[in-house]
Amino acid sequence: MPVVVQGVPELKKALRNFAPDLLKEMNTEIKVALKEVTDAAKAKVPGQAPGRLYNWNDDGTEAVSRTSRERGFPKYNARVIRRGLTYSLGRSRRNRQGFSSLYSLLNKSAVGAIVETSGRLNAYGRPQAGNHHSKNTKEYGASNNPEAGRMFVGSMNGIGALKQYDKFARGKGRLLYAAYAENNGKALDATFRAIDKASKALKQRSTVRKAA
Amino acid sequence: MSNIRIDIASEFKDKGFKQAEKATTGLNRQMVALGKTLGATLSVRAITQFGKASVRAFSEDQQAAIRLTKSLENLGLAFENTRVTEFIADLERTSGVLDDSLRPAMQSLLMTTGSVTRSQELLTLALEMSRASGRDVATVSKDLARAYVGQTRGLAKYNIGLSVTELRTKSFTELQQILTQQFTGQNAAYLETYAGRVGVLNVAYANMQETIGEGLVDAFTILSGDSGIGGGVKAMDLFAEKIADVTRGIATLIASGSDLRKYFTTVFGLLRNPENLLAPLRGIANLGRESKPLFFPGSGQGAKKEEEQRRRAEREAARRAKQLAELQKRTAAAQAKTEKERMKREREIMMLKRAGTVFDLDAIQLVAALQNRVTEENRLRLTALLAIQNDNAEAADKLTQAVLMLNKPALENLGITLKTGDNAVDVINKIINAQTRLFLLNTGIANLPKAKNPFEDWDSILDRLLGKINAIKNAIAGFGQQGAGGGGGGGAGGGGNRGGTGSNQGATGGNNVTVTDPSGVAIQIPGGNVANPFNTFTVNGATIIANSGVVTPNAGDTPNEAAARQRIADIFATIGTFGAGGFNPANVTVNVAGNVMSNDDLIQVITEGLYNIQKSGQAITFNAVAL
């Protein structure tokens with residue numbers, strides 16, 4: 001659950017108009033805090049596919065779906081994963097609940113998301129029903145190897161254990177979420193300290209001007 | 001794009017912002033604290049890393065052990081493997097040096113000496129030397145191994161107090177005795193220090209790693225079953241998974257609970273009664289021990305045969321040591337012989353040379369010169385030359401010293417002080433220095449600016465002085481001559497002119513000499529006449545006052561000096577005429593009759609006159625005359 005704030009967009013607007021240097025300074029401080037988390041997440045990404053998933057490494061060929069889907073199962077590419085681990089200082093679109101994010105950390109790539117969240121639902125991998133089923137479902141996979149799920153999740157666990165950064169199950173992951181959990185709220189503190197500092201500085205400046 | 005995101009801050013409405021942050025942060029912190037406690041001990045990564053390190057340590061240790069065993073086999077000492085292994089293990093435990101260092105050292109010594117006993121002694125010695133010198137055991141062992149075969153140069157760096165020749169000539173046994181004497185006890189002293197104790201602990205830890213590594217390798221071997229080590233990869237994966245399952249299970253058990261206090265209570269309850277945990281662990285340990293692969297060393301030939309082989313090996317090693325010692329002795333003897341021959345050749349050359357000097361013309365001439373009548377100094381010089389000719393350095397040096405000593409007085413005149421031990425080169429340098437200083441001094445003196453003649457101005461000064469004195473004299477004389485009507489001063493009234501008759505002393509006598517006033521002082525007297533106060537005339541260039549004699553100038557006087565001398569004499573003579581007694585104090589009687597000059601003028605004239613007389617150095621006595 002993100003921290004909900006009020007007035008930050010207005011503050012940013014005011015800073016942009018009256019004190020762009022303060023806005024720049026605030027953004028710099030927030031970037032530093034968020035970069036720490038993304039760098040920690042990037043450090044967790046191994047160069048090759050973990051475990052014994054040798055064939056999952058990206059050899060340059062395009063992943064083609066064997067089940068007539070639009071995209072094939074993405075190949076493991078450490079560069080792509082690291083590139084996808086980033087942050088954003090921009091405001092996001094409002095979701096259905098009406099929330100829009102002001103500052104966020106992202107794991108944009110598909111393969112990064114796979115690595116991040118494997119085993120979240122089934123810690124020992126999905127049971128496999130074999131390929132006599134037409135397609136796999138959430139409950140069963142379609143591999144002939146009954147240990148397929150277990151092997152995959154076990155290999156992913158070689159990168160790191162799933163860590164939870166908030167009380168919701170969806171806050172569990174092994175790259176970005178784990179890095180954020182290990183950050184112990186420092187990024188959050190730093191972000192709000194920067195906002196607070198900018199706000200006070202702006203107030204101070206506007207007070208002086210008024211007196212003059 | 002995936003929807004993996006963490007929203008740091010969202011905007012909408014205030015849904016208890018502070019409470020949310022507090023709760024999240026607080027929970028995070030609780031989880032983190034728990035994670036730290038559990039993670040450190042049960043983290044899969046930590047266990048995996050330790051396991052890997054242990055396996056690596058074991059495999060390296062095993063490789064080193066195999067190398068040593070192979071060396072022993074090649075030397076025919078395979079039966080000594082156990083003894084060597086135990087020795088190294090004991091030494092490792094007691095010395096704090098890892099077997100990683102001890103094994104290569106032992107190997108080098110074994111290959112050189114061929115004897116286990118000897119190698120053990122030398123390894124112990126190497127350890128002591130290593131502690132004393134700070135060098136590692138392997139280096140010291142190499143030096144000892146080289147010294148064993150005669151290359152003793154490496155021992156020089158341990159500063160054992162032996163020269164290179166002694167190192168070369170002494171046998172290895174003697175050297176070993178010396179080294180043992182010097183370095184015994186160093187290791188024991190080192191182990192008393194903190195560093196030594198830490199070293200022992202490090203050894204224990206390293207051994208623990210190796211033991212655990214061995215266990216892990218065995219575990220993987222067991223798990224791999226019939227498929228051998230090829231199946232070990234799968235076995236390791238499964239093993240790791242099992243460990244991961246256990247740790248994850250424990251973490252999940254604790255983390256997934258909503259009431260942490262309850263689960264901690266459960267865990268602590270479990271830990272409070274360790275039997276609950278230890279019993280299964282003990283059972284597992286027993287199982288592991290039983291599963292340990294048995295290891296039988298060597299060929300298992302029996303103690304008696306081993307003893308026989310040992311004795312044979314020792315005999316062989318002793319024989320080789322004897323051969324080495326003999327070889328060393330022979331080498332030393334050959335070297336000594338070569339040295340002796342060289343000395344002999346040099347002596348022969350010297351003798352030939354000496355014999356040749358009989359026919360040396362230079363020498364013959366020198367000897368002939370010596371037989372002539374020569375001074376002591378020349379005799380010494382010739383003998384010194386002869387000694388130099390015959391390459392007799394000692395004699396030449398002594399004779400040269402003697403020559404220098406003979407010349408000591410002459411050298412001292414030049415400002416050179418001879419010291420004992422000064423040789424010809426020193427003396428020459430001193431002479432050069434002295435002469436250089438002298439030259440500089442002379443140059444400096446030559447370049448000094450010419451001094452002014454101090455007597456340059458004397459003439460004019462004395463002339464002026466004399467002029468003034470004469471004026472006074474005339475003025476005083478004029479007081480008496482002007483009589484009753486006149487004033488004592490004889491000057492025109494009130495004018496303050498100096499009175500003086502100005503009459504030439506010579507003029508009244510009717511002298512026909514030319515009066516020349518060298519000072520150019522002209523004194524006006526009443527009547528408009530100019531008085532010449534000097535009464536001087538020039539004869540043969542010497543200026544004379546008629547009432548003084550010609551003063552003979554001193555030898556070396558310049559004309560000015562002679563004139564000055566004469567002038568002074570004249571002044572004294574002139575002053576001497578002031579009174580009847582010559583240089584007696586002048587009595588000035590002033591009889592004032594009438595008012596010829598003003599009172600003040602008279603006083604001024606008298607005062608000036610008195611000052612002038614005082615200046616000339618004559619005493620003045622004042623008498624008051626009552627009028």
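I took a salt bridge to be a side-chain nitrogen of Lys or Arg within 4 Å of a carboxyl oxygen of Asp or Glu. The model I consulted is predicted.

**Salt bridges in chain B**

I looked up B:Lys70 and found its salt bridge with B:Glu73, where the closest N and O atoms are 3.5 Å apart. The two residues are separated by about one helical turn, because they stand 3 residues apart in helix 2 (residues 44–74) of chain B. I noted B:Lys70 as partly exposed at 46% relative accessibility, and B:Glu73 as partly exposed at 38%.

I then turned to B:Arg103, whose side chain meets that of B:Asp99 in a salt bridge (3.5 Å, N to O). This pair lies in helix 4 (residues 99–113) of chain B, 4 residues apart. Are its members buried or exposed? I recorded B:Arg103 as buried at 9% relative accessibility and B:Asp99 as buried at 5%.

**Salt bridges in chain A**

I found A:Lys44 and A:Glu182 joined by a salt bridge (2.9 Å, N to O). The pair links distant parts of the chain, 138 residues apart: A:Lys44 is in helix 2 (residues 20–44) and A:Glu182 in helix 6 (residues 176–183) of chain A. I also listed a network of salt bridges linking A:Glu25, A:Glu29 and A:Lys197. Over all chains, I counted 22 salt bridges in the structure.

**Surface of chain B**

I located a nonpolar surface patch formed by B:Leu438, B:Leu441, B:Ile445 and B:Leu448, with about 400 Å² of accessible area together. B:Leu438 belongs to helix 19 (residues 424–446) of chain B and is partly exposed, at 41% relative accessible area.

Terms used
Residues are numbered from 1 along each chain as its sequence is written. Chains are lettered from A and ligands numbered from 1 in the order in which they are written. This is a predicted model: local features need pLDDT of at least 70, side-chain atom pairs count only at pLDDT 80 or more; totals for chains, interfaces and linings use all residues. Side-chain values use heavy atoms; hydrogens and water are left out. Patches are made of residues with over 30% relative accessible area and no salt bridge: like charges are joined within 9 Å, nonpolar side chains (Val, Leu, Ile, Met, Phe, Trp, Tyr) within 5 Å. Accessible areas come from the Shrake-Rupley method with a 1.4 Å probe; for residues, only the protein chains shown count as cover. Buried means under 20% relative accessible area, exposed over 50%, partly exposed in between (1.4 Å probe, protein chains only).
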